[in-house]
Amino acid sequence: MLGKFRGDYHPTKVGLRSKFRFGKGVHSVVNVSALTEFRRGWRALAAATIGIGVGIAIVPAYTNGLVVAALGSEFGWSRAQLSSLQLLASIVLIVTAPVVGFLVDRWGVRWPSVFGMVVLGVSYFVLSGSGPSFTVYFILFGLMYLLGSPSTAVSFTRAVNERFDRARGIALGISLSGAGVVAFLIPELLGTLLAQHWRVGYRVIGVAVLVCALVVLVLIPGTRSQPHPPQARPAKSGSSILPLLRRALFARLAVAFLLLSIAVGWIGLFLVSLLRDAGVSAADAARTAGLIGLALIVSRIAVGLLVDRFFAPRVGAAVLALAAAGLLALLLGGPELGSAAAIAAGLALGAEVDLAGNLTSRYYPIRHYSRMFSVFYAVFMVGVGASPLLISALRDATGSYRLGLVISVGLLAVAAVLLLTAPRFPVDAESPSAQVPTTQPVAGQPSAS
């Protein structure tokens, strides 16, 4: 099987060494400590944190809402027209994610991701000169997403997974939390400028992204080759992932991620509306919704720490159970418990991509990582895109969000069960923290024959 050593896997700690039983003998590999991984991989981690935060999936998403009024006032564009930009972005990212995965698996992280960031930065300069034609703006926006698509977590998380094993969870959590930091900083630092002088604001964003692209280019190392034991024949880097997509494991994970994203993908968009319908003031509703971003950052760090110590699918199941409890609290307790729902959504959304990256790297060989992660990323984007449509239809049909909350709790429960019953990780021959097994028995252990 891909990514497995032959024979049974029996790890036990002996100082800094671990023992692996391969059929007739006991072989050893040297484990690298988490601290050593951070010393060796800090450049890749820093580059990934910057790249994800200043990538195509984050900067436009948290900028568009700040210029809606300005663009509408200057050009007369409707909110429906401007809202269509986000739908376009989601479609492009869904379609291009597998292509980006192939490119990164084939040519490495550095050049595709930096190219995507450069396109994003230049695009904001181009958009800053936009005229009154919404069609032209729409096309330019779509091209920005199409050519800038390599600057997403699909690319950058591979750089982290190549260099972290024992500390992989917290490393992924740190890198993905860069998105939350940027999501907080854009409104704080550029909100007023974008509202009053959006063209200048776009140019400032363009400069910032290009500077970050240069930093990422300097920091990010080249693709790291992985050692293969004598028993395992490495497949070609471009080998097909179709056999992996046909397995029950892929279906289990994909369904879990889809249900999770549908269950909570609507909360950020409609929580304020839900609370306002229940009589909460606009200011209080906005403050409550702001807890989503804070919970998202905390979730990514906390989940990262936990999956380094405990079996990741069980950690994911526990987080989803907490998220379901938060939504259930809002359903049964009313708007006074709206903060519980906001925190629940943040926990689940924060854990989603973190878990997807960790589970992909644990269940599949690293040479297939970007393509497999891109498929899960696309599944996530489909769920996030479909969730508001589903919940808004239910709201229109029933006059409230109660049925949507009930369905969301149920979907989270099913996703939690799917993760809770997930199989054990295979023994990965491509672990970045493992050396090729030696042929000598471990000291103090008789050779089995």
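Me: What lies 2.9 Å from a polar atom of the side chain of Ser149?

Reply: The backbone oxygen of Leu146 does. A polar contact is a pair of N or O atoms within 3.5 Å; within protein, one must be able to donate a hydrogen and the other to accept it, and residues adjacent in sequence count only if both atoms are side-chain atoms. The model is predicted: local features need pLDDT of at least 70 and side-chain atom pairs pLDDT 80 or more, while totals for chains, interfaces and linings use all residues. Residues are numbered from 1 along each chain as its sequence is written, and side-chain values use heavy atoms, leaving out hydrogens and water.

Me: What makes Ser175 count as buried?

Reply: Its relative accessibility is 0%, so Ser175 is classed as buried. Ser175 lies in helix α7, residues 168-196; a helix is a DSSP run of H or I with at least four residues, a strand a run of E with at least two, both numbered from the N terminus. A polar atom of the Ser175 side chain is 2.8 Å from the backbone oxygen of Leu172. Beyond four places in sequence, Ser175 touches Leu45, Ala48, Thr49, Ile52 and Val160.

Me: How many helices and strands does the chain have, and what share of its residues is buried?

Reply: There are 16 helices and three strands. Of the 449 residues, 52% are buried. Contacts between residues at least 6 apart in sequence join residues at least 24 apart in 84% of cases.

Me: How do you know what span helix α4 should have?

Reply: The expected span is 1.5 Å times one less than the number of residues. Helix α4 (residues 110-127) has 18 residues and should span 26 Å; its end C-alpha atoms are 26 Å apart, so the two agree.

Me: Which helices do the buried residues of α4 pack against?

Reply: They pack against α1 (34-53), α2 (59-75), α3 (79-107), α5 (134-148), α6 (153-163) and α8 (198-219). The buried residues of α4 include Pro112, Gly116, Tyr124 and Leu127.

Me: What is the relative accessibility of Gly116?

Reply: It is 0%, so Gly116 counts as buried. Leaving aside neighbours within four places, Gly116 is in contact with Leu147, Gly148, Pro150 and Ser151. The C-alpha atoms of Gly116 and Ala213 are separated by 8.8 Å, although the residues are 97 apart along the chain.

Me: How many aromatic pairs does a search of the whole structure find?

Reply: It finds 18. One of them is Phe141 and Tyr145, 5.2 Å centre to centre with 45 degrees between the planes. Rings of Phe, Tyr and Trp (its six-membered ring) pair if their centres lie within 6.5 Å; planes under 30 degrees apart are stacked, over 60 edge-to-face, and the rest tilted. The pair is tilted. Phe141 and Tyr145 are four residues apart in helix α5, so about one helical turn separates them. Both are buried.

Me: What makes the pair of Tyr363 and Phe425 stacked, tilted or edge-to-face?

Reply: Its planes are 70 degrees apart, so it is edge-to-face; its centres are 4.9 Å apart. Tyr363 lies in helix α14 (residues 338-363) and Phe425 in the segment after α16 (402-420), so the pair ties together parts 62 residues apart in sequence. Tyr363 is buried at 6%, whereas Phe425 is partly exposed at 27%.

Me: Why is Arg43 said to sit over the ring of Trp42?

Reply: The charged end of Arg43 is 5.9 Å from the ring centre. A charge sits over a ring if NZ of Lys or CZ of Arg is within 6 Å of the ring centre and within 35 degrees of the ring normal.

How values were computed:
Buried means under 20% relative accessible area, exposed over 50%, partly exposed in between (1.4 Å probe, protein chains only). Contact means heavy atoms within 4.5 Å.
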